[in-house]
Amino acid sequence: MLNVPDYEFWFVAGSQFLYGEEQLKNVARDAEDIVKRLNESGKLPYKVVCKGVMTTAEGITKFMKDVNYHDEVAGVITWMHTFSPAKNWIRGTVLLQKPLLHLATQYREDIPYETIDFDYMNLNQSAHGDREYAYLNSRLDLKNKIVYGYWADPEVQEEIASWQDVAVAYNESFKLKVCRFGDTMRDVAVTEGDKVQAQIQLGWTVDYWPVGDLVEVVDAVSEGDIDKAYQELQQKYDLEPQANPQDKFESSVRYQLREYLGIKKFLDDRGYTAFCTNFQDLKGLKQLPGLAAQLLMAEGYGFGAEGDWKHAALTRLLKIMAHNDRTVFMEDYTLDLRHGHEAILGAHMLEVDPTIASDKPQVQVHPLDIGGKDDPARLVFTGAEGEAVDVTIADFREGFRLIYYPVDCRKAAATPHLPVAKQLWTPKTGLKDGSTRWLAAGGGHHTVLSFRLTVQQLHDLGTMLGVELVEIV
Ligand code: MN
């Protein structure tokens, strides 16, 4: 699995000098306690580091600049234990270049009617301190995340956890590099796009490489390395030659492993974590990368077919958010329009990510009937059941548009004459409504399907990246 750095989040409590040194010590103590117990909850995917109490504009400004220049810090969590005059936050907040979560909480869960006094009221002012602080963020049009509720509540902690995954993906988005082997498929509109705008807005570096350069690396893969990969494949999956003679089957599978190892080396040597291929541009390669692309996706690499660099990048980005848990490149392929059965059958020609398999994938070899290449090996399996989200990114002259809906996934029936991996799903709003709105928004047929991510996380990601959102809910 392709890992991301071990990010952390910096936590600060806002206050002021008005209440005296003693109260500031209490604020610091409570902030430390909240952070300690958030980390101990076991719910957060990334560590929170308490950076103390902020009381002055100078201190806040310096803090935010430090956040920007510490690569290991993915974002900031703020909490207003007391009133913290928000003019002090203006300069620092304007300079902050990373995601911001305002944790609108109170140290104590209830109101202690029996013991409450003015000391308590001076210290526990979140109710109005949060509003002063949030006014400024709203006025700055930050669209920062607000998580409201008692900090020890599991639901609140889960919201923080979900946001952390989005914030890390946002940081990684600006390091994301896509390798395009060949151009986009001829005549196709939806896979085109403005790569300069993608780098400005989304941080994605999108480079072209001639397939010939890849062929050299693929051809140089050693037989010994292929032997080793073949053994690993046998341990993980069932190899099913079916009607193929054993030697033909083995040589086809071995060639896919050669492509797998070659593409992996090519990407790793140059810092790419996503790639796309185009079956119209495979000169020098004997097979369309099928099993090869599937094995790379399972390891966390992003992939887009037909030169679709936008979905190669989006797949990688969402795999980061999902810790590579059941988050895959997908394609709307064919429909069941019968009343009561409405569904979309998703697949691709070959390149379906095995992390959504509900059965043990089989390695099979069949003709492709497109592209004029040798019969490619591929993993064949049935997808999963459950709730998921399906998302696409489209490029318009005004900018990028993220279009998504929640879906219910089911297993497709057996298709003895279609030997590819398959997934069946229906938009939660219904096939007719969901698809009509998807079409009207200009959403394409390539998507990322995730059983791990939520609509809220997609909303948060799109908001951080400043893209237009079309939420079909
Ligand atoms: Mn396609």
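What distance separates the centres of domain 1 and domain 2, taken over C-alpha atoms? In this predicted model, where local features need pLDDT of at least 70, side-chain atom pairs count only at pLDDT 80 or more, and totals for chains, interfaces and linings use all residues, the separation is 39 Å. Residues are numbered from 1 along each chain as its sequence is written, and side-chain values use heavy atoms, with hydrogens and water left out.

Domain 1 spans residues 8–173 and domain 2 spans residues 177–471, the bounds coming from an automatic or database domain assignment. Contact (heavy atoms within 4.5 Å) involves 15 residues of domain 1 and 15 residues of domain 2. The two domains bury about 1200 Å² between them, with 65% of this area on carbon and sulfur atoms; buried area is the accessible area (1.4 Å probe) lost by two parts on being put together, summed over both. Of the area that domain 1 buries against domain 2, 44% is supplied by Val166, Tyr170 and Ser173, more than by any other three residues.

Between the domains there is 1 salt bridge, defined as a side-chain nitrogen of Lys or Arg within 4 Å of a carboxyl oxygen of Asp or Glu. A salt bridge joins the side chains of Lys145 and Asp460, with an N to O distance of 2.9 Å. Helix α6 (residues 154–173) contributes 10 residues, the largest share, to the side of domain 1 that touches domain 2; helices are DSSP runs (H or I, at least four residues), numbered from the N terminus.

Terms used. Helices (H or I, at least four residues) and strands (E, at least two) are DSSP runs, numbered from the N terminus.
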